[in-house]
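I opened the model today and kept notes as I went. The entries follow in the order I made them.

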Amino acid sequence: MNAVSAWLTPQTAATAAFVMVIGLTIVGALIAVGARNIFHNVLGLCVSLFGVSGIFLFLNSPFVALMEILIYIGAICVAICFAIMLSEPMYLPPPPRNKVKVLGAAIGAGGIFVFLGLLLKKTQWTAAPERSTDWSVTTIGHYFLTNYALIFELVSLLLLVAMLGAIVTARGGRSKP
Amino acid sequence: MELVAQFLGSEGARMVVGLIAVIALVSVNALFLIWMERKVAAHMQLRPGPMEVGPHGAIQTVADAIKLMGKELITPAEVDKPIFWLAPIVIFLPVLLSFLVIPFSSTWIIKDMNVGILLILAFSTLSVLSILMAGWSSNNKYAVFGAIRSVAQNIAYEIPLLVTVMSIILMVGSFKLTDIVAAQSGLWFVVVQPLAFILFITCATAETNRAPFDIPEAESELVAGFHTEYTGMRFALFFLAEYTNMFIAAAVATVLFLGGWHGPFLPGVVWFLLKVYAVIFLLMWFRWTFPRTRFDQLITFAWKILIPLAFVNLLITALVLKLR
């Protein structure tokens with residue numbers, strides 16, 4: 001009896017894992033966009049985010065991977081589900097697709113895709129062995145408060161705006177019908 | 001054993017053996033806990049509880065489990081079938097995964113990960129998602145209400161839970177569960193952080209949907225909440241997940257506050273299990289002592305009392321650590 005390690009080399013295992021997480025991400029994203037039932041859309045989003053967290057794991061960053069699950073699936077997707085259940089009833093037939101909206105979404109998403117693709121091509125990537133390998137949480141924290149302080153502050157500004165928006169939106173409600 | 005190790009490599013063999021042990025532990029634990037709950041409930045209400053099958057009804061739950069396995073798996077006509085079938089599986093998988101990092105003793109651990117506590121917290125949030133899937137796909141108003149309540153409750157109680165756990169992590173400086181236990185070889189954290197312990201137990205009770213916070217499945221209002229439409233083994237899987245979740249919550253409380261496997265004379269595993277079952281007894285004691293809270297009281301309690309207290313606790317911890 002041969003050891004599994006004889007035919008399952010680290011390279012094949014890594015490739016198989018990579019294909020799996022990418023497949024999960026893409027299939028989830030397709031469900032999230034294509035399904036006609038809004039609850040299925042959210043579950044597709046969850047599957048896709050699972051794939052993304054798998055990519056982080058693949059890049060040897062379990063901390064970010066678990067944070068992805070904790071925040072994006074555990075908090076954001078659940079909050080979206082909650083909002084869906086409070087919105088319009090499910091037994092009504094879904095309204096037909098709005099052509100203009102679909103086109104706008106496609107152009108927006110395509111634009112971002114092209115932009116990111118060009119950015120990826122333009123960046124000078126350093127090979128893994130030459131790069132610093134210290135990506136512990138401590139290092140990330142130091143970077144946030146030194147080199148990337150502006151981004152860190154902008155994120156908190158974004159959160160503040162989101163909170164203010166939520167308060168403004170909620171203030172108008174609570175009136176007797 | 002040698003053959004298995006040769007076939008999979010030592011790490012793989014550890015995984016396989018660990019997984020088999022975990023599945024055995026999960027089933028035995030659930031059978032035992034259901035019997036224990038019935039006995040605890042009975043004695044608190046001055047009645048004997050199950051007595052017929054086995055000594056003091058010890059194998060009553062085995063009989064119940066066999067009965068459940070023999071029941072038909074009914075799929076109601078108007079349910080969303082794929083999600084209805086997936087929900088019991090999705091609730092059970094993350095629960096199994098959490099056992100990967102629980103340290104039963106300094107050596108009895110399947111994989112000692114650097115992000116151990118984070119893994120348990122991340123995967124425990126998935127149970128909310130499966131409750132939502134079950135409740136929504138059942139196409140039943142009671143099930144949907146149970147699911148909605150469960151989500152509101154879990155979102156509210158997750159924040160103080162995470163902040164409380166953060167104050168412990170701040171003290172140890174590591175997410176690794178074995179490091180957290182090792183830091184308590186002298187003084188248990190329950191002595192240093194009594195407020196954090198109370199907050200953690202309260203939030204853990206709410207997160208596992210136990211009384212007095214069991215409004216997602218409040219029998220008198222919602223039939224059975226999110227699992228109203230489930231029968232047979234699917235229903236049993238929800239129960240299995242609930243009792244295993246209780247075990248995990250108690251195990252995390254033991255690791256974070258009660259010194260894990262530390263204790264005199266007895267081996268570490270025995271101490272660990274003793275502490276876990278003591279915490280579980282505490283949770284059962286709550287259930288049969290406190291009446292169920294009202295929904296608005298529950299949410300107000302989380303947002304206006306628990307969250308500020310958790311943040312104050314975190315601030316004090318940080319201040320003390322800085323000044324020391």
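What is the mean pLDDT of chain B, and what share of its residues reach 70 or more? I read a mean of 83, with 95% of the residues at 70 or more. pLDDT is the predictor's confidence in each residue, from 0 to 100. The model scores ipTM 0.76 and pTM 0.83.

**Ground rules.** This is a predicted model, where local features need pLDDT of at least 70, side-chain atom pairs count only at pLDDT 80 or more, and totals for chains, interfaces and linings use all residues. Residues are numbered from 1 along each chain as its sequence is written, while chains are lettered from A and ligands numbered from 1 in the order in which they are written.

**Chain B, domains.** I looked up the domain assignment, whose bounds come from an automatic or database source. It gives domain 1 (1–70) and domain 2 (71–323) in chain B. Their C-alpha centres lie 19 Å apart. I found 18 residues of domain 1 of chain B in contact with 17 residues of domain 2 of chain B. Contact requires C-beta atoms, placed from the backbone, within 7 Å. On the domain 1 side, helix H1 (2–44) and helix H2 (60–70) of chain B each supply at least two residues. H1(B) gives the largest share, 13 residues. Helices here are DSSP runs (H or I, at least four residues), numbered from the N terminus. I sorted that side of domain 1 of chain B into 12 nonpolar, three polar and three charged residues. Nonpolar means Ala, Val, Leu, Ile, Met, Phe, Trp, Tyr, Cys and Pro; charged means Asp, Glu, Lys and Arg; the others, Gly among them, are polar.

**Chain B, helix H4.** How many residues of H4 (residues 116–124) of chain B are buried? I count nine of nine. They include B:Gly116, B:Leu119 and B:Phe123. Buried means 20 or more other C-beta atoms within 10 Å of the residue's own, exposed 12 or fewer, and partly exposed in between, with C-beta atoms placed from the backbone.

**Chain A.** The assignment gives domain 1 (10–91) and domain 2 (136–172). I read 23 Å between their C-alpha centres. Next I checked helix H4 (residues 62–86) of chain A. Its 25 residues should span 36 Å at 1.5 Å a residue, and the end C-alpha atoms are 34 Å apart, which agrees. The expected span is 1.5 Å times one less than the number of residues. Among the buried residues of H4(A) are A:Leu66, A:Ile73 and A:Cys81. Their cover includes helix H3 (38–58) of chain A, together with H4, helix H5 (126–137) and helix H6 (141–172) of chain B.

**A:Gly110.** I placed A:Gly110 in helix H5 (residues 99–122) of chain A. Is A:Gly110 buried or exposed? A:Gly110 counts as exposed because it has 10 C-beta neighbours inside 10 Å.

Notes. Two residues are in contact if their C-beta atoms, placed from the backbone, lie within 7 Å.
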